[in-house]
Amino acid sequence: MLTPGAGLGDGEAPECGWGELNPLATSTRKMGPGTRRNTLDYHFGDYNWRKIVRLGDSLLKKLKIATLDVAEHVIAHQELEATISPERLVSWTHAMIAWELNLTNNPNPYEVAVKMPTQAAVRRQLAEEEEKALASGVDVSLSDEVSPCSLIAMGIDLEGEQRSLKTLTKSLWDHSQDRQITRVKLRSNALTRKLEEWFSLLQLYIPSSITLRKREPQKKVPPKPFEVQLWMPSQIGRLVSFDRSLAEIEYKLRNAQAHEALGVLQRNLQIRATLYDIKDRWLRGQGANTRALNALATMQAHIAAARDEYHHARTALLALVDLLGYSNVDQEFLPLQDKDIRSMVEPEPGLGETRRTLSWIWRRVNAADATKEETQEFVAETIHVEWGKSWARAQRFQEEIELVQEEMNRTLRFFVWKAADWRGKGAALRAKPTSAEHAEGLKAYAERQAVLCQSLHDTFKRQWEGVPGLVKSARDEIEKPALFYQRKQKEFERKKMGNKVFISNSVPSSSTAPDPLNQPTDV
């Protein structure tokens with residue numbers, strides 16, 4: 001869909017031939033190599049001949065689909081462009097054309113250019129700062145293996161493992177299989193060992209953490225590994241004194257963690273919206289819908305994990321803000337409610353399309369300490385990507401109309417050439433002497449093939465007589481959107497009345513093609 005010049009390419013077309021031959025599997029698997037190859041060749045020959053005979057219907061169907069839908073995509077793109085400033089529109093158009101001409105050396109217009117900080121990038125920055133400190137002779141590490149930034153990063157990773165184990169434990173029930181229970185137990189034991197290592201390192205950098213652990217209320221049943229409090233600097237706060245640099249390291253990592261969680265949330269929400277659209281429009285049957293529901297459940301689990309990660313990161317950031325004295329963090333990271341977790345096309349629950357607003361997660365810049373200008377730039381980049389996809393859809397549908405028309409013209413010209421070629425073979429001189437009866441038979445066979453090609457040419461030409469009218473109607477709807485909306489209103493009224501929608505046009509839907517069973521040996 002994004003490749004220029006491709007039209008509405010049918011990616012499944014190469015598989016259709018093999019799909020036709022699936023019933024042969026039980027027969028060919030018992031054949032020898034030569035017989036199997038010949039059998040497949042014969043059936044593929046038959047399949048190719050049937051494709052040629054049915055080109056009239058298949059090409060006309062493609063053109064009908066393109067002409068019916070092209071106005072909708074072009075008008076939608078024009079309406080979107082009407083909301084964009086002319087300066088941005090010119091810039092985006094030039095960038096799109098440059099990318100289409102050279103995909104390698106130009107930035108991809110379908111990717112958001114505003115980058116977000118990641119935990120990996122922040123950890124690398126902290127490691128480089130530690131390297132500079134060591135080079136200058138300053139070493140604040142109390143362990144040969146774990147530095148302060150490694151300690152905080154280890155704690156954040158352990159929190160992630162705790163959330164993952166908690167989710168996995170909730171999936172168990174009374175009738176869970178032994179294999180599933182064993183997997184949870186092994187992960188729980190591994191996390192317990194990591195927690196013991198964590199607390200042994202934590203007491204080196206925050207000795208008073210031992211006192212905090214002793215103050216915890218004692219329970220009759222030991223807490224599960226995912227219930228153990230790690231006593232990160234954000235959790236300690238002002239309860240005891242510790243090195244301020246540990247809180248600053250955690251603040252940087254939590255900031256990146258919150259932005260990264262929002263980025264993951266946005267991607268999975270868009271994927272979920274696409275899956276819903278595919279399920280509603282294309283999937284039929286119990287098997288296909290079951291697979292779709294499983295994919296949606298997996299995506300929903302990813303969304304829930306990103307939501308929980310953002311909640312933990314925001315809670316830690318607000319605690320660190322009170323400790324470090326930073327400001328505007330609560331304005332940058334807003335509370336994430338369930339009504340905010342929706343894609344760009346989903347309205348807020350309880351509101352209709354006319355009062356729909358964009359969730360705040362799509363109006364925030366994925367960069368630390370974002371200014372108002374950066375926030376506006378992120379929104380513009382998000383719209384830029386949507387504009388690019390809208391551009392691609394409008395262009396591909398228009399290309400499809402041109403490509404199918406050219407394919408129709410070439411099909412007709414091919415049959416004219418093929419008929420002349422067969423007649424030329426019938427009139428050609430023979431390299432070897434032959435009897436008059438044999439020569440007459442060869443000429444009759446060649447004439448039969450020529451007449452067959454001419455018959456296909458005439459049949460397809462009559463079948464495609466209404467093509468210019470279809471193309472003209474589509475272009476009229478593009479030039480005059482009122483015609484398109486009138487047609488859609490009529491279709492809506494027919495559906496509302498419960499009648500089946502029939503799209504009437506002057507092109508017949510069936511053809512009197514030659515009998516595909518009476519096929520030649522060469523065409």
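## Salt bridges

Glu72, Glu477, Arg487, Lys488 and Glu491 are joined up in one network of salt bridges (a salt bridge being a side-chain nitrogen of Lys or Arg within 4 Å of a carboxyl oxygen of Asp or Glu). A search of the whole structure turns up 21 salt bridges. This is a predicted model, where local features need pLDDT of at least 70, side-chain atom pairs count only at pLDDT 80 or more, and totals for chains, interfaces and linings use all residues. Residues are numbered from 1 along each chain as its sequence is written, and side-chain values use heavy atoms, leaving out hydrogens and water.

Arginine 254 and glutamate 159 meet through their side chains in a salt bridge, 2.9 Å from N to O. Arginine 254 sits in helix 11 (residues 244–282) and glutamate 159 in helix 7 (residues 148–170), so this pair ties together parts 95 residues apart in sequence. Arginine 254 counts as buried because its relative accessibility is 1%, and glutamate 159 is buried too, at 8% relative accessible area. Here buried means under 20% relative accessible area, exposed over 50%, and partly exposed in between (1.4 Å probe, protein chains only).

## Helix 6

Helix 6 covers residues 119–135; helices are DSSP runs of H or I with at least four residues, strands are E runs of at least two, and both are numbered from the N terminus. Arginine 124 forms a salt bridge with glutamate 128, with the closest N and O atoms 3.2 Å apart. Both lie in helix 6, four residues apart, or about one turn of the helix. An α-helix has 3.6 residues a turn, so residues three or four places apart point the same way. Arginine 124 is exposed at 58% relative accessible area, while glutamate 128 is partly exposed at 37%.

Valine 122, also in helix 6, is buried, with a relative accessible area of 10%. Setting aside neighbours within four places in sequence, valine 122 is in contact with Lys252, Leu253 and Ala256 (contact means heavy atoms within 4.5 Å). Valine 122 and isoleucine 249 are 127 residues apart in sequence, with 9.5 Å between their C-alpha atoms.

## The chain overall

The protein chain has 17 helices and zero strands. Of its 523 residues, 34% are buried. Among contacts between residues at least 6 apart in sequence, 78% join residues at least 24 apart.
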